[in-house]
Amino acid sequence: ITNTLQPLAQAMNLRVTTIFGGVPQNKQVRAIKEGVEIIVATPGRLEDLMKQGLLKLDGIEITVLDEADHMADLGFLPGVTRILSATPSGGQRLLFSATFDNSVKKLVDKFLQNPIMHAVDEANSPVSQMTHHVFEARDADAKKLLVFALASGAGRRILFMRTKHHAKKLAKALTQAGIPAVDLHGNLSQAARDRNLEAFSAGRAKVLVATDVAARGVHVEAVELVVHVDPPAEHKAYLHRSGRTARAGASGDVVTIALPSQRKDLAVLMSQAKISAKAQQVNDKSPEVLALVGEVAPYVKPAPQASQPKNTGRSTGQNARRKKALRDSGGLKERRCASRDKVTPLRISPLNRGEKMDSQPKSKDFEKSLPTLTRRGALCALAVLTLGLIPKPAVAASGVKVLKNGRVVLSLVTNRA
């Protein structure tokens with residue numbers, strides 16, 4: 001929306017900024033402080049900035065609420081209500097909604113005065129250029145082959161999944177099979193969503209595997225086919241998913257894939273959506289499927305995956321690599337403490353530190369049984385202190401020394417920079 005408004009606003013010497021979550025707010029706050037005339041925002045981040053006192057809406061003249069019904073479905077209605085209440089009551093307000101249900105009606109009754117309704121079509125009317133198909137697969141394996149076949153065409157296509165995990169998994173599997181695909185779901189950061197959408201729009205990826213995040217508000221030109229790999233839970237989601245194709249007068253096809261066990265539920269869903277499509281039992285080689293696949297896209301060799309280091313149970317971080325380099329150079333000698341019986345005896349005195357002593361300490365005050373001061377040895381030293389086997393020392397910044405009162409000062413710095 002901001003990209004569309006930008007050239008129009010520049011021609012009118014107006015400034016536009018975007019406010020949304022999932023990214024640091026500093027840039028958005030700076031734009032607000034510099035002054036803007038148009039803000040395109042999501043309700044969560046907008047209300048957050050309002051609560052921080054960084055933004056006030058008392059000077060707003062026109063308020064536009066897009067996807068009003070979807071915001072209500074997602075639970076944003078209380079936040080939207082608070083935001084609208086913060087704008088002047090005498091300002092102009094516009095609501096755009098794909099459906100006009102009770103939640104949207106509440107917003108209209110509360111915030112719009114003498115509203116005029118404009119409808120581009122009758123409610124729930126299907127698009128005439130959109131062809132609906134219901135394909136029934138024999139079992140899960142046949143369904144997988146069918147999905148891969150429908151994804152293999154040369155044109156753009158969107159595959160809808162029920163869960164984020166399955167969307168990510170399918171996109172990865174298609175890419176490994178030579179069909180470049182990207183995923184779009186709620187677990188992705190905003191930067192990752194933008195990157196994947198750009199790859200799909202630019203044609204580097206022919207397939208977008210998405211959850212219902214992409215069912216609204218995502219407009220990509222020339223999407224030939226929408227596939228409901230997982231049928232949606234309710235009919236409104238079906239209509240919004242399907243609406244990613246056959247846009248702006250273009251034609252498009254919508255396929256819903258079901259298993260025999262889903263036959264009854266799918267029939268109810270299609271009836272509620274006012275879609276008439278007879279279920280067809282097909283496989284990946286059926287003529288009905290091949291007609292929708294059309295020209296098969298050329299195989300694209302997947303990029304090699306970065307090799308993952310094997311889990312050896314040892315740390316591979318920066319500090320571990322530094323200590324390994326010290327050990328290899330002889331600058332660090334590691335001794336491990338496995339039990340109390342294997343603690344290395346050390347003599348600690350003002351004149352002689354670190355020297356090995358006899359098995360029995362000669363001095364009650366200055367000679368203690370302590371482990372070697374490596375990282376693991378330091379943990380052993382703590383265990384010894386906890387068990388009360390030696391007098392509890394004070395802990396100094398580094399090194400070992402003896403105080404005038406005879407107490408041992410032990411630093412637990414363990415060769416860590």
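**Exercise 1. Find the residue of strand 10 that is the bridge partner of His228, then place its strand in the sheet**.

Step 1. The bridge partner of His228 is Thr256 in strand 10. Strands here are DSSP runs of E of at least two residues, helices are runs of H or I of at least four, and both are numbered from the N terminus. The model is a predicted one, in which local features need pLDDT of at least 70 and side-chain atom pairs count only at pLDDT 80 or more, while totals for chains, interfaces and linings use all residues. Residues are numbered from 1 along each chain as its sequence is written, and side-chain values use heavy atoms, with hydrogens and water left out.

Step 2. Strand 9 (residues 223-228) pairs with strand 10 (residues 252-258) over four bridges, in the parallel sense. Two strands count as paired if DSSP finds at least two bridges between them.

Step 3. The open sheet has seven strands, in the order 7-8-6-9-10-5-11, with parallel pairing. Strand 7 (181-184) and strand 11 (279-281) each have a single partner strand, so one side of each is left without a neighbour in the sheet. From one strand to the next the twist averages 25°; angles run from 0 to 180 degrees between N-to-C directions, and axes are lines fitted to C-alpha atoms, for helices over the stretch in contact.

**Exercise 2. Describe how helix 5 packs with helix 6 and with helix 3**.

Step 1. Helix 5 (residues 77-85) and helix 6 (residues 102-111) have axes 12 Å apart and an angle of about 15°. The two are therefore roughly parallel. The classes are roughly parallel under 35 degrees, roughly antiparallel over 145, roughly perpendicular from 65 to 115, and oblique for the rest.

Step 2. Leu77, Val80, Thr81, Leu84 and Ser85 of helix 5 meet Ser103, Leu107, Lys110 and Phe111 of helix 6. By class this contact has five nonpolar, three polar and one charged residues. Ala, Val, Leu, Ile, Met, Phe, Trp, Tyr, Cys and Pro count as nonpolar, Asp, Glu, Lys and Arg as charged, and the others, Gly among them, as polar.

Step 3. Helix 3 (residues 43-51) packs with helix 5 at about 50°, with axes 10 Å apart. That angle makes helix 3 oblique to helix 5. Pro43, Leu46, Glu47 and Met50 of helix 3 make the contact with Gly79, Val80, Arg82 and Ile83 of helix 5. The classes are five nonpolar, one polar and two charged residues.

**Exercise 3. Classify the packing of helix 7 and helix 8**.

Step 1. Helix 7 and helix 8 (residues 164-176) pack at about 65°, with axes 11 Å apart. They are therefore roughly perpendicular to each other.

Step 2. Val147, Phe148 and Ala151 of helix 7 meet Leu170, Ala173 and Leu174 of helix 8. This contact divides into six nonpolar, no polar and no charged residues.

**Exercise 4. Locate the highest and lowest confidence in the chain**.

Step 1. The chain averages a pLDDT of 79, and 74% of the residues score at least 70. pLDDT is the predictor's confidence in each residue, from 0 to 100.

Step 2. Confidence is highest in helix 7 (residues 140-151), at 97, and lowest in strand 12 (residues 346-348), at a mean of 39.

Step 3. Over residues 333-398 the pLDDT is below 50. Where pLDDT is low, the predicted coordinates should not be read in detail.

Conventions: Contact means heavy atoms within 4.5 Å.
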